[in-house]
Amino acid sequence: MEHPAELTWSFALPDWRERLLAGTGLVPPLELDQVAVARAVGIYNKLRLPDVSGMPELKVAGGEWYRQVIGAIFGSVDETGLRRVRNVLVLVPKKNSKTTNAGATMVTGVLMDDEPLQSYLLYGPTQAIADRGFAQASGMIRADEVLTARFHIADHRKMIIDRKTETTLRVQTFDESVATGVIAKGVLVDEIHLL
């Protein structure tokens with residue numbers, strides 16, 4: 001069933017070409033919960049790149065355009081608690097941190113979620129991409145003392161478990177037979193164009 005608020009939102013950007021050339025984001029102005037936006041972007045900014053010398057925070061190494069995506073995803077909760085932006089397709093140019101941002105998005109989602117026993121899934125279209133997604137997400141956690149204490153990383157299962165809420169982030173190769181019937185709070189399919 002479609003949420004009534006979705007009918008009032010438009011994601012059309014007739015000036016998309018100019019925005020790309022100017023290097024600005026492709027997220028239109030939306031009525032977002034600015035407290036949730038600030039919290040989500042704050043979490044994203046503190047995550048570190050585990051595979052870069054010095055492990056810089058995404059505050060420095062991440063793109064402003066992706067902070068807008070993070071804000072739209074996690075700040076779109078209305079006063080009833082429903083998410084207005086539920087199905088998001090982000091097209092990212094080649095060599096632009098797709099898998100890194102996928103891992104950061106899902107770690108941000110788990111940290112934003114205060115409800116217990118939730119399930120999050122990060123799918124890669126190939127084993128190599130799924131392995132890279134897990135390496136990035138788990139590496140971001142291992143790069144931070146506080147997150148290392150909060151999460152248990154089960155490398156053999158490619159699962160990250162939040163000790164506080166018992167919420168899980170599982171990273172695996174996409175397979176329709178495995179994905180069917182899964183009830184998850186959040187799902188991200190990395191490099192969906194390969195499927």
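Residues are numbered from 1 along each chain as its sequence is written. Because the model is predicted, local features need pLDDT of at least 70 and side-chain atom pairs count only at pLDDT 80 or more, while totals for chains, interfaces and linings use all residues; side-chain values use heavy atoms, with hydrogens and water left out.

The walk starts at the surface. Trp16, Leu20 and Leu26 make a nonpolar surface patch of about 300 Å². Patches consist of residues with over 30% relative accessible area and no salt bridge, where like charges are joined within 9 Å and nonpolar side chains (Val, Leu, Ile, Met, Phe, Trp, Tyr) within 5 Å. A salt bridge is a side-chain nitrogen of Lys or Arg within 4 Å of a carboxyl oxygen of Asp or Glu. Areas come from the Shrake-Rupley method with a 1.4 Å probe, and for residues only the protein chains shown count as cover. Leu26 is in the loop between helix H1 (16-22) and helix H2 (34-46); helices (H or I, at least four residues) and strands (E, at least two) are DSSP runs numbered from the N terminus. With a relative accessible area of 44%, Leu26 is partly exposed, a class that lies between buried (under 20%) and exposed (over 50%), again with a 1.4 Å probe and protein chains only.

Helix H2 also holds Ala40, which counts as buried because its relative accessibility is 0%. Setting aside neighbours within four places in sequence, Ala40 is in contact with Ile70, Phe74, Thr108 and Met112, contact being heavy atoms within 4.5 Å. The C-alpha atoms of Ala40 and Gly71 are 6.4 Å apart, although 31 residues separate the two along the chain.

Among the buried residues of H6 are Ile129, Phe134, Gln136, Met140 and Ile141. What do the buried residues of H6 pack against? Their partners are helix H5 (98-112), strand S1 (119-124), helix H7 (145-150), strand S2 (151-154), strand S3 (159-162) and strand S4 (168-173).

The strands come next. Two strands pair if DSSP finds at least two bridges between them. S1 and S4 are parallel and share six bridges, with Gly124 partnered by Thr173 in S4. S2 and S3 run antiparallel, joined by four bridges, and Ala154 has Met159 in S3 as its bridge partner. S3 and S4 are also antiparallel, with three bridges; here Ile160 stands opposite Leu169 in S4.

The hairpin of S3 and S4 has five residues between its strands, and Glu166 takes a positive phi near 65°. Glu166 is not a glycine, and it is exposed because its relative accessibility is 52%.

Leu117 is a further non-glycine residue with a positive phi, of about 60°. Leu117 sits in the loop between H5 and S1 and is exposed, with a relative accessible area of 61%.
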